[in-house]
Amino acid sequence: MISQISSFEQYQEAYNQSVTDPEGFWAEVAQNFQWRKPWKKTLEWDFATANTKWFVGGKMNITENALDRHLATRGDQAAIIWESNDPEEESITLTYKMLHQKVCQFANVLKKHGAKKGDRICIYMPMIPELAIAVLACARIGAIHSVVFGGFSAQSIADRINDAQCNIVITSDGSFRGNKEIALKSTVDDALVQCSSVQKVIVSTRTRTPVSMIKGRDVWWENEVKTVSSDCPAEEMDAEDMLFILYTSGSTGKPKGVVHTCGGYMVYATYTFANVFQYQPEQVHFCTADIGWITGHSYIVYGPLCQGATTLIFEGIPTYPDAGRFWDVIDKHKVDILYTAPTAIRSLMSFGNQFVENKDLSSLKTLGSVGEPINEEAWHWYDENIGKGKCPIVDTWWQTETGGIMISPIAGVTKTKPAYATLPLPGVQPILVDEQGNEILGNGVSGNLCIKFPWPGIIRTTYGDHERCIQTYFSTYKNLYFTGDGCMRDEDGYYRITGRVDDVMNVSGHRIGTAEVENAINMHLGVIESAVVGYPHDIKGQGIYAYVICDSQMEDQALIRKDILATVTRLIGPIAKPDKIQFVSGLPKTRSGKIMRRILRKVAEGETSNIGDTSTLLDPLVVEEIIGGAL
Ligand code: WTA
């Protein structure tokens, strides 16, 4: 197991070593895992070509580290505790032995249906144990999983399946979320009309709603596992073989498939899990993210299981049956670590304290926050009402592309400060740069956040388009990985991430590109053009504000508004629906035709006077109209 940093002096020592001798530092950490063959070279890298390789030549399988190696020491310990959406339904505990068996069994089902090393498999499932089993079964046989969040539309699934040319889809009949029942299989069916690469669909049962099963293509999970053996030796993987693809939004175009590889990702997710949360044996770790996002990959599945932890999977939502559900789950399962998003905290805060006051939260030791900046008010509420002033809060900054936590306090070790992600973890070398890429030195400064040296969890490529990876992350500033985030470093050298500086919004902790939403809105028949920006939202962090130019013949605005929302839901999913739609007759454009989003952002923020320079606009008058009609 990975040894943990237990004092600030140890942190400083580890940090210094990780900078002066990064290879030695990470080689030592990587020794704590099971390798079939040792690596020959610890690191090879070149940011100019977006080429990073860790543990070169090393052979392993992440599931041997997440499952097999724990069987002798903690085979009967809970690996997964599952809590249903319905508080009345019995929870499920899978010990390491049981999980190992189920993963091997399902891996054999995949093999039986022709899956092999290197194949891409799409997973679109609710938060049930089978989701984690499916993910691990892919890894077991060396197939590359591409988990698509259960809230995405058929079109989004089709785009992702086609981009990666997946040959198998794993899904469920449906899912339960609060008092809603959501059809998943039928959404997959709609997607597959466009996907010729898919040969097989494996369907697990959850809601028992009727589904249409296509002969020769669709099979039931329940039936399939009955016919296979539960012995499935793990495929030997190269450290740099792909482990998974996870699609994420950027400034332009369709979401890109961020690729992580086996060895470096395993080492990084586990190291950060063990250290940031200071996980102790037998503790229960509750990460409330969905496995469809990177936080679920790294801190529900891989990080905790590789460290031999007990990880809790919760199917439901924080407000069902009422706003006390998280606290009930914590009490029921004696949760030690809670890792959630500021949006959830703000939302629960808004219900008032009566849902928390009578709950027993005494099992909690550490609280985590992730996905978006946490405001001071939410930080204090979390600290006082949930942590009762005795649990360190780790505000963890990282991204899909970083594979694991990058800047964060280490629980109980780093002195925290409200709304600050504080200090870089060992192995992480942040730098702030100005627009020209000059390093901003010293403290009490702000700039664009970049990382100047590779860490084991760094993105390896964007699937099928390496050039896009170079362009997106390694071209803005020479020899630096650019995060897309703005950041300040205060007098103590503490980092505070202020939000995206590119055209990516962060809505309830979900990354959504403005261009993606615009493209969806523009697909609607009556729409001529649109521009989308984020604006501050009390609960969601950011809301989506759309300025839309409509065909003059469309007169019923209320109806078009509804139609636009339906179009966005159909093309992306409900998470991308604009909160506000303002109909305008023109957009503020420069003479070269570029939309000046700066102005639109200001108006969306409620600014009416300090709009800034509009002299370069083609038609400065549109600005007045836009301000006049602001919502
Ligand atoms: C934002 C989620 C402030 C940031 C793990 C980043 C944060 C984007 C924090 C990545 C934080 C994440 N404080 N902002 N603690 N954590 N972000 O890829 O803008 O879904 O670039 O990964 O979320 O979102 P992603």
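Good morning. The protein has 631 residues, and a compact globule of that length would have a radius of gyration near 25 Å; the protein has 24 Å, which agrees. Please bear in mind throughout that this is a predicted model. The C-alpha trace spans about 75 × 60 × 55 Å along its principal axes.

Within that outline there are 19 helices and 30 strands. Buried residues account for 61% of the 631 residues. If we take the contacts with a separation of 6 or more, 71% of them are between residues 24 or more positions apart. The accessible surface amounts to about 23600 Å², and carbon and sulfur atoms contribute 49% of it. As for charge, I count 59 positive and 74 negative side chains, with the centres of the two sets 4 Å apart.

I turn now to strand β19, residues 366-370. How many of its five residues are buried? Five of the five are, so the strand is largely enclosed by the rest of the structure. In a regular strand, side chains alternate between the two faces of the sheet. In β19 both faces are covered: T366, G368 and V370 are buried on one side, and L367 and S369 are buried on the other. The partner I would point out is strand β18, residues 337-340, which pairs with β19 in the parallel sense over four bridges. Within that pairing, I337 stands opposite T366.

Next, please look at the open sheet of eight strands. Its order is β12-β11-β8-β6-β7-β14-β15-β23, and the pairing is mixed. The edge strands are β12 (218-220) and β23 (461-462), each of which pairs on one side only. Inside the sheet, strand β7 (residues 144-147) runs parallel to strand β14 (residues 242-248), and two bridges join them.

Is H145 buried or exposed? H145 has a relative accessible area of 0%, and it is therefore buried, the cut-off for that term being under 20%. Which residues does H145 touch, leaving aside those up to four places away in sequence? They are I121, I123, V135, C138, L243, F244, I245, H297 and Y302. For a distance across the model, the C-alpha atoms of H145 and V568 are separated by 26 Å, the two residues being 423 residues apart along the chain.

Thank you for your attention.

Terms used: Residues numbered from 1 in each chain as written. Predicted model: local features only at pLDDT ≥ 70, side-chain atom pairs only at ≥ 80, totals over all residues. Heavy atoms only, no water. Rg over C-alpha atoms; globule rule 2.2 N^0.38 Å. Buried < 20%, exposed > 50% of the residue type's maximum accessible area, 1.4 Å probe, protein only. Contact = heavy atoms within 4.5 Å. Areas by Shrake-Rupley, 256 points an atom, 1.4 Å probe, with all protein chains shown as cover. Lys, Arg positive; Asp, Glu negative; His and termini not counted. Charge placed at Lys NZ, Arg CZ, Asp CG, Glu CD. Pairing = 2+ DSSP bridges.
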